[in-house]
Amino acid sequence: MTVVAQKTALTGCLAPIDKNGLEQLIANGKANPKVVKTLKCKTVAEGKFRHANYIRNLPPYIVDEPPGLLGDDTAPNPSEASLAALGSCLAVGLHANAVHRGWTVSKLELELEGDLNITAVWGTGDVSEKPVGFTDVRVKVDMECEGVSPEEISALVTHVKKWSPVANTFTRPVNLEVGI
């Protein structure tokens with residue numbers, strides 16, 4: 001039991017990343033830099049503001065609203081889920097880049113918070129001119145790597161923010177079509 005705990009601590013903060021697999025992904029990306037993958041999700045309303053989101057062959061990912069927004073508080077709301085997606089995307093990038101650099105990650109935690117005005121109540125409340133959605137998002141990264149300076153970790157955080165697909169979705173316009 002002790003050996004397993006030590007092995008996990010030496011290879012990263014969670015289950016180890018397959019470094020050979022990571023290197024193959026890197027090589028594939030360099031060989032075909034214009035490849036675009038289409039991701040899919042089917043969202044099904046279950047009642048009130050609870051929705052089941054079907055992605056690949058996974059169990060449904062549930063999204064709900066808290067009681068203050070007339071939901072049953074059974075799962076994150078859509079805005080919270082978007083913060084979770086951002087945090088997870090940044091964490092994946094930090095972990096992968098650390099492993100690629102040969103760093104041993106002993107701790108990786110991200111705290112996210114975002115500010116949004118909800119008075120429009122999904123377009124049914126105060127619809128006066130104002131920003132809709134997050135106006136500010138703050139991410140605090142707490143990352144420790146054996147023998148790596150805080151300055152190197154800070155540079156890594158900057159690099160990962162630049163290349164995170166979800167961070168880019170937050171920071172640049174995206175073509176969005178919604179129709180029937």
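User: Where is the place of Ser164?
Analyst: Ser164 sits in the loop between H4 and helix H5 (165–171). Helices (H or I, at least four residues) and strands (E, at least two) are DSSP runs, numbered from the N terminus. Please note that this is a predicted model, in which local features need pLDDT of at least 70 and side-chain atom pairs count only at pLDDT 80 or more, while totals for chains, interfaces and linings use all residues. Residues are numbered from 1 along each chain as its sequence is written, and side-chain values use heavy atoms, with hydrogens and water left out.

User: Is Ser164 buried or exposed?
Analyst: Ser164 is buried, because its relative accessible area is 3%; buried means under 20%, exposed over 50%, and partly exposed in between (1.4 Å probe, protein chains only).

User: And which residues does Ser164 touch?
Analyst: Not counting residues up to four places away in sequence, Ser164 touches Cys89 and Leu90, where contact means heavy atoms within 4.5 Å.

User: Turning to the helices, at what angle do H3 and H4 pack?
Analyst: Helix H3 (residues 78–100) and helix H4 (residues 150–163) pack at about 125°, and their axes are 9 Å apart. Axes are lines fitted to C-alpha atoms, for helices over the stretch in contact, and angles run from 0 to 180 degrees between N-to-C directions. H3 is therefore oblique to H4: angles under 35 degrees count as roughly parallel, over 145 as roughly antiparallel, 65 to 115 as roughly perpendicular and the rest as oblique.

User: Which residues make that contact between H3 and H4?
Analyst: H3 contributes Leu90, Gly93, Leu94, Asn97 and Ala98, and H4 contributes Leu156, Val157, His159, Val160 and Lys161.

User: How do the axes of H2 and H3 cross?
Analyst: The axes of helix H2 (residues 19–31) and H3 cross at roughly 100° and come within 10 Å. H2 and H3 are therefore roughly perpendicular to each other. Lys19, Leu22, Glu23 and Ile26 of H2 meet Ala96, Val99 and His100 of H3.

User: What is Gly133 in contact with?
Analyst: Leaving aside neighbours within four places in sequence, Gly133 is in contact with Asp115, Leu116 and Asn117. Gly133 and Ile118 are 15 residues apart in sequence, and their C-alpha atoms are 8.0 Å apart.
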